[in-house]
Amino acid sequence: MVAGAAAVYALRLADDCLVLSHRLAQWSSRAPTLEDDVALTNIALDLLGQARGLYARTAELDGTGRSEDDYAFMRGEREFINCLLVEQENGDFAATIVRQLLCSTFQLAQWQALTTSTDGPVSAVAAKAAKETSYHRDHATDWTLRLGDGTDESHRRMESALAAMWPFTAELFESDAVAREAGALGVGPDPATLRPEWEGYIRRVLGDATLVMPESTWTPSGGREGLHTECFGYMLAEMQHLHRSFPGVTW
Amino acid sequence: MRSSGQIEHGAALDDPFAGEAAAEVISDRHEAEFQALIDSDQRIEPRDWMPDGYRKSLIRQIAQHAHSEIIGMQPEGNWITRAPSLRRKAILMAKVQDEAGHGLYLYCAAETLGVDRAELIDLLHQGRQKYSSIFNYPTLTWADVGAIGWLVDGAAITNQIPLCRCSFGPYARAMVRVCKEESFHQRQGFESLYALSHGTPEQHEMAQDAVNRWWWPSVEMLGPPDAESTHSAQSTAWGIKRYSNDELRQRFVDMVAPQAVVLGLTPPDPELRWNEDRGHYDFGEPDFEELRRVVSGDGPCNRQRAAHHLAAHEEGAWVRAAAAAYAAKHPATSAAA
């Protein structure tokens, strides 16, 4: 038995959503087309909604009674337990699309499995999130095809983006005591079980996009224990500064 | 019966020199039919005949409106990554997204007049089309987001509600939806400022400071005084503009002055007071010299806003080129997508 495994599991999901939402929102007024400005913000809003639902549930499970803002704004870098992939900087549009393809394919498989969670509130979040995330995956897939099989430049940028993001995918499927306990309790899938479905979809899309699935011997990890990449501290500093400057007030 | 917009050539068949005179007669008749539609408060649709000046005037106005929505994403978007709570962050993201959506409807409305979005964006980048001067002011604190919602969106609604009945159908219909969303934004801005004003002394001070900075630019947003308004008379005759700038300005002040009392914030205008005889608020003279300066390019953020938009557009060029190349290679998939 791992004490509080269900709470830690829910918090991991929530942090993944919040951090990815924040990164996507950074595109506002910067996207290559107006339609994509709308789309990226829309995806960011869905992810923010998912995070908020899961923070509320985490507060019940861990018994601390914290608010969603306590989780988002009052924890330090070492207390966030999102995976490293979601915190990677936006880079160019190719990097964002690759990150989005890799993340949304993982999240879709995860939400679908979570719809049968024994934890009622989590399964309710998952039911809505699965519908939303299937659109996120469609959006990333469409752009992966266009950019991979578009111009020489777009193809080259997609190759670089894949090379940069790919190493961070290994961590998505890591199993540990929390994941195994959550799996055993029926709270949610052990991420290791999601790999075949994820890999099948990614291989097919990259193939259609004339891109090659990379291999990497470097498989960075640590996000689930609060060990992040350097770029994450800057993101949190910006996100939390105003909230922390006025302790305890209502906004 | 609506004008079909088709040109009749019958009159010119026998006499080759009759063509010019006949065209003039037809043009006069079209003009009369067009004006009759406007005078009877009906809508002009894209396929209807319309005078060139009407078309040009609408393109100018709709494009300027679309550009304002898009440039307006920048000052508020400036606070998305720093919003102080998840609830405020969600509201702000949804609002900035709505502005992008308004830009999209409006560019589409302009396209029904025979220009395309890329052309209009080029004109914006060349400085040949403008956007609302209000977005050339900086958002320096979180309270500015609330002040923009309350005052700037308030002024925008005052301007735009009459446009829901403007003579050009696609513009009027786009404005119905835009106005509904803008009204929502104005309430959200008001509510956000209310929370600050009734929060700690520091929050109250932040809200008052934002109102001090945004009040006059918002009052000026309704345009130059009637005597100096260059496009007003013709726009009024064409049923595009229904009220004068000064009438709209009065309406705006009448709406927000009592709201300021509820907010507990003081507009920076010592002459602002209810006038029982007029049944309106009196208010001071806006600094139209400053408005002219900002419109002509010397506001605090004109250069920054233009450079930001141009940089994003140029950085996205390879993406748009890739999409075009893909569509050319895969016509069936792209048409379905």
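Predicted model: local features only at pLDDT ≥ 70, side-chain atom pairs only at ≥ 80, totals over all residues.
Visitor: How many residues of chain B are in contact with chain A, and what area is buried between them?

Guide: With contact meaning heavy atoms within 4.5 Å, 47 residues of chain B touch 46 residues of chain A. The buried area, which is the accessible area (1.4 Å probe) that two parts lose on being put together, summed over both, is about 4000 Å², and carbon and sulfur atoms give 68% of this area. On the side of chain B, Thr81(B), Leu86(B) and Trp318(B) lose the most area to chain A, together 19% of what that side buries.

Visitor: Why does the radius of gyration of chain A agree with that of a compact globule?

Guide: The radius is taken over C-alpha atoms, and the globule rule is 2.2 Å times the number of residues to the power 0.38; for 251 residues a compact globule would have a value near 18 Å, and chain A has 18 Å, so the two agree. Of these residues, 61% count as buried, that is, under 20% relative accessible area (1.4 Å probe, protein chains only).

Guide: Residues are numbered from 1 along each chain as its sequence is written, and chains are lettered from A in the order in which they are written. Local features need pLDDT of at least 70, side-chain atom pairs count only at pLDDT 80 or more, and totals for chains, interfaces and linings use all residues, while side-chain values use heavy atoms, with hydrogens and water left out.

Methods. Buried < 20%, exposed > 50% of the residue type's maximum accessible area, 1.4 Å probe, protein only.
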